[in-house]
Each structure stands twice: as C-alpha cells, then as structure tokens.
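Student: I am new to this structure and would like to know what the terms rest on. Please show it, and then we can go through them.

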Amino acid sequence: MQAVKGIHLEDIIEALRAYQPNTEPEKLWAAYTFASRAHKGQVRLSGEPYMSHPMEVAMILARMKMDQTALVAGLLHDTLEDTDATAEKLEELFGPEVATLVEGLTKLGRISFSNREESQAENVRKMILAMSKDLRVVLIKLADRLHNMRTLDFLPPARQKSISQETMDIYAPLASRLGLHWIKVELEDGAFKYLYPYEYKRISDQMAERQEELDGFLVSVCNQTRELLLRERIAAQVTGRFKHFYGIYRKMKGQKLDFDQIYDLIGVRIITNSLLDCYMALGLVHNQWKPIPGKFKDYIALPKENLYRSIHSTVLTPTGRRVEFQFRTQQMHRHAEEGIAAHFRYKEGGRPSAKGDEGFIWVKRLLDLGVHVNNPQEFMDNLKMDLFPDEVYVFTPKQEVKAFPAGATPLDFAYAIHTQVGNHYLGSLINGKPVPMDAKLRNGDVVEILTSEDQHPTREWLKVAATSHARTTIKANIRNAEKTDSQRLGRQIVEQELLRHKIDPAQYMAKPTLENAAHALGFKSADTLIERLGSSTYSVYGLLQKLLPPTEWKTIEERRKNYLMDLQSDAGVKVGSMNDVMIRFAGCCNPVPGDPILGYLSAGHGLVIHNKSCPMIKVLESDPEKIVVARWDAQATKQLRPVRLLVYCLNQPGILARVSTSIAESNANISMASIAATSHMGGELDLTVEIEDLNHLQKIIEAIRRVGGVKSVERIMDASRAGNR
C-alpha cells in the first residue's frame, strides 16, 4: 500500500464513501499514481515528500464532502505548475472536467506583473472567472490555501506575513461568504498567528490558563440545556465550543476591552429535528437565562446571502458570564458546515455553476464583477468591499427581503432591483417618506424607488454607491456614455479642423479612408482613433498628417506652429508632453497660479485643470487613467483668474463698500458680489475676485481681514459648480 506520511489514499477513499457509498476508487488511484510519478523527487520546505500536500488537500475536500471529481483534481492540482504534465495529458487520462478544474487552479507564475499587489489581484480575478465555469475551482483553492497555512512555519518570516495578509484579506472572508465557517475560522487563526504573534501568544496563554474553568462552565451549561430539552421531549444535539482566537482579538480591539472583560468566550449549539423545535428550544433557553437586548438575530426568518440559517441569541447566566446560543435544524447545520458545497449536487459528467442557482445572489454578483472589471486593482477594491459586509435587511414594497452591506443606500437598492432601475434613479421613499440618495438603509426599512427615463448615472453617484455591483454598473454606464460622446466630438474636431483650413471633410471622412489612416497609426479601428481624438488623448494633427496629401499637410503644419505658441501662452499651464489639447479651468475650484494642480481628461471638454484641494478630486481619482500631471508655466503671461471668497462680517452700513475699497487698493477687480444677512448682527459677502496668482490672493485676503467689522475670510471651492470635469 502506497502512502504519504500522515495520510493514506485509503483514508481519503473511506472518507469519500462515507457520503458517496457507491464511489468507485479507480480514478482516485489513477490520479494518485500519476501525481506521485509527476512529483517524484520533489520535497516541500518541511522536508516531507511533495505528495503530502495534494493528499492533504484531497482530505480537506473530503471533509467538505466534495465529489470524486473534485478530489481527483485536488490530487492533481499542482501537476501543471510544478511538473512536466500537460493539460492535454490530464484530459486524455481523466477527462475534460478534471483538466478544466486543474487548469483553473494553476497559478499565473508565467505572467509578469508590475508589482505584488497587481499579481495578487489578477490571480484572484482569474480564480473568480474560473468559478463561472465550475464552482469547485474556488473550493479546491480554499483547501489548497488551508493546508498551506497549516505548514507556514517552514517559510521565511516575510513570506509568512505576506501569505497571511492575503489569507486574512481574501481567502478567510471568501470562505465565510461561501458558508464554510470552519475553514474561515482556521484560516483567520492561522493568519493571526503570523501577523500578530505577540497578541496571538497572549490570548493563547490566557485561554490555556482558564481552560479548566471554562471547560467546567461549558459542560455545566450544556448539561442544563439538555435537561431543559429532555423535560419538554425535544430531541436535539447540544454541543459547546469556544470563541476562536482571532474572534477574541477582534472583539478586544473593536470594543477596546482587555481579555478579562470578554465574557462570551463560549457558545452552545442546539441542533433539532424540525423548525418548530428550534423556536421551542429558543423559548426554553430564554425562560432559563435572561436574553441580552440587541443580541438576538433570526437568520432563519431572514437568511444571509450565502443561505446561512440559524437563530443566534446571547444570554446572561447567574455567574455573570454570557453564552451565545445557536439554534438550527439538521439540514441548516449541514449547510452551515459545508456551505456552498452542500447546496450543490455534484454528479459525474456535470459542471455545477453558480449561474444555475437563484440562492447564491452574492456569488453571481462576484462572477459579474470578475467579468466586467478588467482592471485588477479596481477588481480587488470592489471585491474587498463585498467581502466584509455587516448585512442590513430591507424590504421591497411587495415585502421581498433584500440584504445589503452596512452603509448601503437607496441607490444600491435600485441597482439590486434591476440595472435599468438604477440607471434611471430619480428618488426614493423609505417607509413612505422621501429621502436623499445618500440615506443609509436600516434593518426593516421598506424601500421604494422612483425612476425617470431622463435620469442617467453621473460621477457624483460613485460617492453614494456602497456596493460593488452598483459602482461597477455606474462606471460601465459612464464609460459607455463618454465613449459615445468622445466619438461624436472626435468627428466634429476632425471636420472643424478640415473646414478651418478650407478643406472639404467629405473628401477624407469616408469610413474606408479613416480605417486605413487608423491602421497606419497603429489603432485597431477608426472608431478607436476618433474616440481618442474626442477624449483629447490623441492629436488631430497626427490624423491629418496621414489623411492629407504632403503639400496640404505642409501648409497646415506651418500654421500649427504659430497656433501652439499662442495656445501655450494663453493657457499658462504645462501638461508634460501633451500637445494640441484644449485646456480649460474647472469652475468648481477655479485654480490660480501657485495652487497645486492636476489635469483631468474630460470627454467633450478637453483637459480640465483642477486644484488638488478641489472637492471633486476623490470622484475624479476613480478614473486614474484620465488624470494628467500639470504645473503652472512660470514663463507664461499672467492671466487674471476668478476666485470665490466668502466674507463673514458684522451687519452694518457701508461694510460692502469698505471691503470693495480694500480689494480695489490691492489691484484686483470684483466681477460678482452678493450680500446676505445671517442674523440681526451678522452678514455674509459672497464675492468673485479676479486675481493674478496665489500671492496676489493672499494680499487681498489680508487686506479684507483688516477692514473693521470683518470676522473671517474663506476661499470657497464648490463642487456644485463642477461644470467641466
């Protein structure tokens, strides 16, 4: 009998037959033999034969009650990466299903990434995409990561921390969202040990010191619970458990508590034979011990998005200790232990896909995210947003329950109903009353969405949306709208430039002519080239040079040199190597020479210059590829720039005249002014002043502050005036 240290293949076969009695083990033996030969001579850093790893992975999959195909793939999962085996050979010997699973699990080590974060993000995205073909890919990957965490001691400290951080950020919450709680707990505790070794040891030592006391208390509570149920003839399994180390640490840190202040270190689980018995057992426990207000959650009536169902209730015992009770049926317990693996019925020859089941809404959202978000880092940011939800449950007007992460808004609700409902969001009613778009949803809210065909997503919506689904859809809609606008504007730019030089556009704007020019310039199509022109990321003169005969181009080029000189001197801004781009200044922040600035390539508006302190910056930075480095041109002729000032002053006669005089004496002009009384004693002057640069502005502000009756002066940047982003 062949075996690897610790686990025999017969152990795996026996574990599989416990839940699939009719299993024929020939495929497992064949996979074991193939993998053993492929990995022959390879050893792990622990010194064990390499086969110890795939064997452990297969055993973890058996504990997850995965089908034989998944276990075969588990035995073979590293053969494509670490040996001479090929996908074609795997398909020939084990069929296309196993080959697809192993290919989905193969790491992207041959691909070059600019940094570790990008590599991690793209690996996770590829794993999620592989899930759309077969859900078992991610379950095998979790088993692989779990065993790697169990053997992390043999890696260098830097690698231990790196892998542990990735595990804590991605794999532990992913296991939780897939309903695999026991894997989530072990991954968290394993990562906790390497990320916070001092805190881990401290909690471990303190738990060890109290182990005898806690064991005794847990046995006592479990025995009392069994007696309660027995008296009422409720058949149930009663088991006790301790809070895992990372859970204790998270509570200590989150609530700023010492270990001695954690009173709910133990929990009791009651598994009944029926739903009615769950609620009867709950009543008995509440009658025996005092339930703690706010510590009751009925996930049977309102299941989690991963279909987890149980009742949670924390009670206070006479000793002052708290105990969390969980109540569930046998079926609910099976799902809680096995998660998504229990929900799907794996059959030989079939590929279980998340798209085929209406229950796992979050999994489907995750797959959509992997398909529609190509930027690895954007994908990772959205993924993390969905991996850490404190769920809020709200209702549609038809009393359908919808779950959202804490912080979700009516806009998120609208997109959860339907993409078009979100895209045409006009307003919302919560519990019958109108609320703003950024209102936070709360448990029990009844939400109704109002729509209008005239409404369309804007970048401001990104500040409101909290779910990855809403944010991804909004960004896609904006990109499509900008693409259409850019193509329309691009054609106008070419036509206007030709007309400016008295050339008939019809001679050169035909589709075949543009396609030839685009290909000659290295673009995939004329549409792509025209879009780049409209978004100000490519020069119209680059196209004209290819479109026009040499004699006509030479004439235009001479005129162009003079035009560029005028453009640079008029703008007063330098933007790296970019030429022929129209420069505008943002109305929301009105940057002036001396302000730190950046440029934003806005479809239809050219390059818009913003102050780096502008309220719109966070929204603009959601499209980093459109951000352009910009700086003031010290050699340019000084241009007067408008700045909005808010002056708070005493409400007294002549105050506006005195402020106006101080501005005039500072060699500046007021282009707009308004005055309003804020009280019988106070007033507010809203002024737009034309200035030369930041030093000039500072002199003006100091002059205004010296005026009698003036309390303060503020420079205002107003995002509501962001006309040309």
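Tutor: A residue is called buried if its relative accessible area is under 20%, exposed if over 50%, and partly exposed in between (1.4 Å probe, protein chains only). This is a predicted model, in which local features need pLDDT of at least 70, side-chain atom pairs count only at pLDDT 80 or more, and totals for chains, interfaces and linings use all residues. Residues are numbered from 1 along each chain as its sequence is written, and side-chain values use heavy atoms, with hydrogens and water left out.

Student: Which residues of helix α13 are called buried?

Tutor: Within α13 (residues 245-255), they are F245, Y246, G247, I248, Y249, K251 and M252. Helices (H or I, at least four residues) and strands (E, at least two) are DSSP runs, numbered from the N terminus.

Student: What do the buried residues of α13 pack against?

Tutor: Their partners are α10 (157-177), α11 (181-195) and α12 (197-231). Contact here means heavy atoms within 4.5 Å.

Student: How do you know that β19 and β22 pair?

Tutor: Pairing requires that DSSP finds at least two bridges between two strands. Strand β19 (residues 641-650) has five bridges to β22, in the antiparallel sense, so the two count as paired. Y648 stands opposite S712 in β22.

Student: Why is one side of β20 and of β22 left without a neighbour in the sheet?

Tutor: The open, antiparallel sheet has four strands in the order β20-β21-β19-β22. β20 (669-677) and β22 (710-715) are at its edges, so each has a single partner strand.
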